[in-house]
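Here is a short briefing for a reader new to this structure. Take a look at the model, then read on by topic.

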Amino acid sequence: MDFISKNKYTLYGVAAILLWSCLVALLRDVSELFSPIGGAAAMYTVSAVFLILVMGLPKLKGFSKRYLVIGTLLFVFYEVCLALSIGMANNRHQAMEMAVINYLWPTLTILLTIIVGGKKVSLWVYPSMFVAFLGVAWCIAGDAGISVNTLANNFADNPATYLMALAAAFIWAIYCVVTQKLSNGKNAITLFFTATAVSLWIQFAISNEAALTFSINSSITLLLAGVVVGSGYALWNQAIIGGNLMLLGTLSYFTPVFSTIISALYLSVSLSASFYQGVVLVTLGSLVCYFVTRDKPQKYNVKVTT
């Protein structure tokens, strides 16, 4: 009990990372039970309500206008791109490919930080970035082996989802760099989730998707998904108060591994050895990037994704 009480904030962070690792599986499940846009809208609505109940309504007066406007736009665009890339994937395996592409964001965050900061970094950072991108290509190519034709054919199979997943990775990298400078250590996550839900409902209203139909099983899954995602953010908000940020920052880079294992089990997807190898390469590349540029460890701990 003493261990738990002394390390409760760090344990909150570990729990948050594990909960976020469930996002891909739950997003895909909800999209299949309802529809890609409508299911995502319903899930983010549940998460927003849960966060409001747990964390309360955000006091907007305490935030800068630039942070509220820029942060909200980037967050909404990111979550929408991520949710729809997973929900609109042709199958569950392709949905997991979208997730791996999304997990390029830590590497891209460090790249943008280097570009914006203009500082000198270890030469190890560049081969590490290459390893991360190689890992994504490895996952997408599968047992066919990496080649331009293989990657092009997979992309042509569903270009919209690949573009949204890649856009999500870049958008979140920009979010991490920009909001670090604008947020002043404050968090408007409840507002961001509410705005995301509203945006998705607007898209659902103008789409051709059929009206949502609820059953007991689908409703339970929806509530579970919304609460799990909302809990991840609520716990992380507590973790950064007094948790071991160096440890949590390091663990967060293993999210692709956790997410792949959880998603494969939950969605009953059989993955090839090459897919797991690719995920390990993405994780390894991001982790090395993190360690060779970690003069300020907390700099990259804005959020673990989804």
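**Cavity, pocket, helix contact**

Helix H6 (92–102) and helix H14 (255–267) each give at least two residues to the lining of the second largest cavity. The model is predicted: local features need pLDDT of at least 70, side-chain atom pairs count only at pLDDT 80 or more, and totals for chains, interfaces and linings use all residues. Residues are numbered from 1 along each chain as its sequence is written, and side-chain values use heavy atoms, with hydrogens and water left out.

**Second largest cavity**

- A search of the whole structure finds three cavities of 30 Å³ or more.
- On a 1 Å grid over the protein atoms alone, a cavity is a set of points where a 1.4 Å probe fits but cannot get out; a pocket is an open set with protein on both sides within 12 Å along at least five of seven lines; lining residues have an atom within 4 Å of a point.
- Helices here are DSSP runs (H or I, at least four residues), numbered from the N terminus.
- The cavity lining has seven nonpolar, three polar and no charged residues.
- Nonpolar covers Ala, Val, Leu, Ile, Met, Phe, Trp, Tyr, Cys and Pro; charged covers Asp, Glu, Lys and Arg; the others, Gly among them, are polar.

**Second largest pocket**

- The second largest pocket has a volume of about 250 Å³.
- Helices H8 (125–141), H9 (148–157) and H10 (159–182) are the elements that give two or more residues to its lining.
- H8 gives the largest share, four residues.
- The pocket lining has 11 nonpolar residues, no polar and no charged.

**Cys139**

- Cys139 lies in helix H8.
- Cys139 touches Glu97, Val100, Phe275, Gly278 and Val279, not counting residues up to four places away in sequence; contact means heavy atoms within 4.5 Å.
- Cys139 and Ala273 are 134 residues apart in sequence, and 9.3 Å apart in space, C-alpha to C-alpha.

**H3 against H5**

- Helix H3 (residues 23–33) and helix H5 (residues 65–87) pack at about 65°, with axes 9 Å apart.
- Axes are lines fitted to C-alpha atoms over the stretch in contact, and angles run from 0 to 180 degrees between N-to-C directions.
- H3 contributes Leu23, Val24, Leu27, Arg28 and Ser31 to the contact, and H5 contributes Leu82, Ala83, Ile86 and Gly87.

Note on methods. Grid points are joined across faces, edges and corners, and a volume is the space filled by probe spheres set on the points.
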